[in-house]
Amino acid sequence: MKATKPGTAAPRPTSGERPAATPPKFFTLIPANPGIDFVKQAPMMTMVSVVFILVGLVSVWWRGLNYGIDFEGGTMVQVRFEKTTAIGDVRDALDAAGLRGISVQDVGSEGHEFQIRAQGEEGDETAGEVTANTIKDGLAKKFGEGTYETLRIETVGPKVGKALWRDAGLAVLVATIMMGIYIAFRFDLRFGIGAAVALAHDVLFTIGALSLANMEIDLTTVAALLTIVGFSVNDTVIISDRIRENMRLMRKDDLRTIVNTSINETLSRTIITNTTAVLVVAALFLFGGDVIHSFAFALLVGFIAGTYSTIYIASPLVLFMERGRAKAA
């Protein structure tokens, strides 16, 4: 079979059997086989991705990550005032109470609701309760008793925060490796390595974006990273399965043609499924509120990166390894 030209439908396999074509639909958003040469575009797209990841890693090294209380340790008090209150007045109340290094954030209720954060002190796991009481006393002294409502208080000790960060990082690493091993057993080693590299790409891409956007990283963000790993591997399994099927049906064709054909044949499913997921996450990001803002941001970036890496990294990497093995033979 000849190589598929961009913009033209790929020719059908010349050998083997394939299930009967599905009946024509009333409305087709994406052609069943658009004939795009993804393998040819893969090196350029991979280079763009590598540059973005490097920029993100430099940002992590230079600026660090904006850890939340879950990992940094400290105390967070969220309060809601009955009347509109200036954020500067809240800071003045905390300064008058003798609190320093406190961050105050208006959480989008137009001067009614604030999150007050204080970092934990090393070696003192019980200081959180004292800090929370000092914050509440300072606000009561400034604005009066009963003028605000305490919505929640969260306290994490510095040692617990470091342990959580270590365990969360380990969970993401183990999940990525286990997914690669699963793909390797399900298909073969080349697909497993391709999947593991693509998943690592998605995680690094998202962490870099979180650093560049200065988004807070807490336990919900780690949950988002684990969700991204599971989401991305789903697409990888679909395309790898089609490649394996076409390797039996298109025995006279080279692997490059088979990979291109397989990605094109699953493109409609990939785009429609992932677009619907991205739209839902985008709605969460825009309207979900500050509490899940970083979580939704991580999912939004990770889902887009996962779609991209499945097409331009995981599958072309299988072809790259096959060529290397052929040269070595």
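Strands here are DSSP runs marked E with at least two residues, while helices are H or I runs of at least four, both numbered from the N terminus. The model is a predicted one, in which local features need pLDDT of at least 70 and side-chain atom pairs count only at pLDDT 80 or more, while totals for chains, interfaces and linings use all residues. Residues are numbered from 1 along each chain as its sequence is written, and side-chain values use heavy atoms, with hydrogens and water left out.

Let's stay with strand 4. Gly74 faces Gln119 of this strand, and strand 2 (residues 74–81) is joined to strand 4 by 7 bridges, the two running antiparallel. Two strands count as paired if DSSP finds at least two bridges between them. Strand 3 (residues 102–106) also pairs with strand 4 in the antiparallel sense, over 5 bridges, and there Asp106 stands opposite Phe114.

How enclosed is strand 4 (residues 113–119) by the rest of the structure? Largely, because 6 of its 7 residues are buried. Buried means under 20% relative accessible area, exposed means over 50%, and partly exposed lies in between (1.4 Å probe, protein chains only).

Next come the aromatic rings. The structure holds 10 aromatic pairs. Rings of Phe, Tyr and Trp (its six-membered ring) pair if their centres lie within 6.5 Å; planes under 30 degrees apart are stacked, over 60 edge-to-face, and the rest tilted. The rings of Phe81 and Phe114 have centres 5.9 Å apart and planes at 75°, so this pair is edge-to-face. Since Phe81 lies in strand 2 and Phe114 in strand 4, the pair ties together parts that are 33 residues apart in sequence. Both Phe81 and Phe114 are buried, and together with Phe143 and Tyr148 they form one aromatic cluster.

Finally, let's visit two other helices. Helix 1 (residues 38–63) and helix 8 (residues 255–287) pack at an angle of about 90°, with their axes 9 Å apart. Axes are lines fitted to C-alpha atoms, for helices over the stretch in contact, and angles run from 0 to 180 degrees between N-to-C directions. That makes helix 1 roughly perpendicular to helix 8; under 35 degrees counts as roughly parallel, over 145 as roughly antiparallel, 65 to 115 as roughly perpendicular, and the rest as oblique. Helix 1 contributes Phe38, Val39 and Lys40 to the contact, and helix 8 contributes Arg256, Val259, Asn260, Ile263, Asn264 and Leu267.

Conventions:
Contact = heavy atoms within 4.5 Å.
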